[in-house]
Amino acid sequence: MSELTLTVMRLGFLAVLWLFVIVAVQVIRSDLFGSKVSARGARRASATTAPAPAAGGRPAPPQQQTAATQAQPRQRRGAPTQLVVVQGSLAGTTVALQGQTITLGRAHDSTIVLDDDYASSRHARIYPDQTGQWTVEDLGSTNGTYLDRQRLTAPTPLQPGMPIRIGRTVIELRK
């Protein structure tokens with residue numbers, strides 16, 4: 001093997017090694033410090049989800065129920081209808097409860113993106129169980145999820161008005 005080929009292989013290996021180190025540092029940095037939330041992203045998270053109107057400004061006609069929508073439990077009278085952020089950088093944010101799972105964390109694909117140093121990327125989720133009762137579950141976060149000053153260790157049913165604390169952010173179910 002010629003000296004030139006050996007030198008090129010060494011430089012290529014060195015470049016790949018440095019690329020690996022740079023990517024590893026970026027992953028660790030994003031996990032420790034999170035990602036920046038722009039004002040545009042915060043406005044999007046604060047908007048209440050509502051069905052989009054059809055062409056002409058009229059509401060879209062109701063769609064036929066599929067097996068998936070029929071399997072969802074019906075909301076009981078007096079059941080919570082919204083999730084409200086009451087403390088933290090997103091205070092005032094409201095998310096309508098429509099039977100879907102709500103994820104909380106710093107990840108961009110979370111339903112509520114938390115800009116909080118004490119929140120994990122995938123911190124917690126809130127979902128309806130088979131009876132229609134809303135349940136909160138910690139997803140193995142480092143700093144924990146607290147329900148009314150008690151750290152969650154298992155999925156726990158939620159009552160309206162009970163504070164859910166993730167770092168500096170406090171969230172409540174409301175009617």
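Modeller: We will take the sheets, the core, the salt bridges and the surface in turn.

Modeller: This is a predicted model, in which local features need pLDDT of at least 70 and side-chain atom pairs count only at pLDDT 80 or more, while totals for chains, interfaces and linings use all residues. Residues are numbered from 1 along each chain as its sequence is written, and side-chain values use heavy atoms, with hydrogens and water left out.

Colleague: How should I read a sheet, and what is the order of the six strands in the open sheet here?

Modeller: Strands of a sheet pair through backbone hydrogen bonds, and the pairing is either parallel or antiparallel. Helices (H or I, at least four residues) and strands (E, at least two) are DSSP runs, numbered from the N terminus, and two strands pair if DSSP finds at least two bridges between them. In this model, six strands form an open sheet in the order β2-β1-β11-β10-β7-β8, with antiparallel pairing. The edges are β2 and β8 (150-151), and each has a single partner strand, so one side of each is left without a neighbour in the sheet.

Colleague: Which residues face each other across the paired strands of that sheet?

Modeller: β1 is joined to β2 (residues 94-96) by three bridges, and glutamine 82 has alanine 96 in β2 as its bridge partner. These two strands form a hairpin with six residues between them, and glycine 88 in the turn has a positive phi of about 115 degrees. β1 also pairs with β11, in the antiparallel sense over five bridges, where valine 85 has isoleucine 171 as its bridge partner.

Colleague: What is the strand order in the open sheet of five strands?

Modeller: The order is β4-β3-β5-β6-β9, and the pairing is mixed. Its edge strands are β4 (112-113) and β9 (156-157), each of which pairs on one side only. Within this sheet, β5 and β6 are antiparallel over five bridges, and tyrosine 127 stands opposite threonine 135 in β6.

Colleague: Is threonine 135 buried or exposed?

Modeller: We call a residue buried under 20% relative accessible area, exposed over 50%, and partly exposed in between (1.4 Å probe, protein chains only). Threonine 135 has 6% relative accessibility and therefore counts as buried. A contact means heavy atoms within 4.5 Å; leaving aside neighbours within four places in sequence, threonine 135 is in contact with residues including Arg125, Tyr127, Pro155 and Leu158.

Colleague: How many residues are in the largest nonpolar core?

Modeller: A nonpolar core is a set of buried Ala, Val, Leu, Ile, Met, Phe, Trp, Tyr and Cys residues joined through side-chain atoms within 4.5 Å. The largest one here has 21 residues, and those with the most contacts inside it are Leu83, Ile102, Leu104, Ile112 and Ile126. Among the elements that give two or more residues to this core are β1 (82-87), β3 (102-105), β5 (124-128) and β11 (169-174). Leucine 104 touches, among others, Ile112, Leu114, Ile126, Ile166 and Ile171, not counting residues up to four places away in sequence.

Colleague: How many salt bridges are there?

Modeller: A salt bridge is a side-chain nitrogen of Lys or Arg within 4 Å of a carboxyl oxygen of Asp or Glu, and the count by this rule is three. In one of them, aspartate 109 pairs with arginine 122, with the closest N and O atoms 2.8 Å apart. Aspartate 109 lies in the loop between β3 and β4 and arginine 122 in the loop between β4 and β5, so the pair ties together parts that are 13 residues apart in sequence. Glutamate 137 and arginine 125 also meet in a salt bridge (2.7 Å, N to O), which links β6 to β5 across 12 residues. Glutamate 137 is buried at 18% relative accessibility, whereas arginine 125 is partly exposed at 27%. Arginine 174 and glutamate 172 form another, with their closest N and O atoms 3.1 Å apart.

Colleague: Which residues make the nonpolar surface patch?

Modeller: Patches are made of residues with over 30% relative accessible area and no salt bridge, where like charges are joined within 9 Å and nonpolar side chains (Val, Leu, Ile, Met, Phe, Trp, Tyr) within 5 Å. Accessible areas come from the Shrake-Rupley method with a 1.4 Å probe, and for residues only the protein chains shown count as cover. The patch here, of about 940 Å², is made by Leu11, Phe13, Leu14, Leu17, Trp18, Phe20, Val21, Ile22 and Val25. Phenylalanine 13 lies in helix α1 (residues 3-33), and phenylalanine 13 counts as exposed at 59% relative accessibility.
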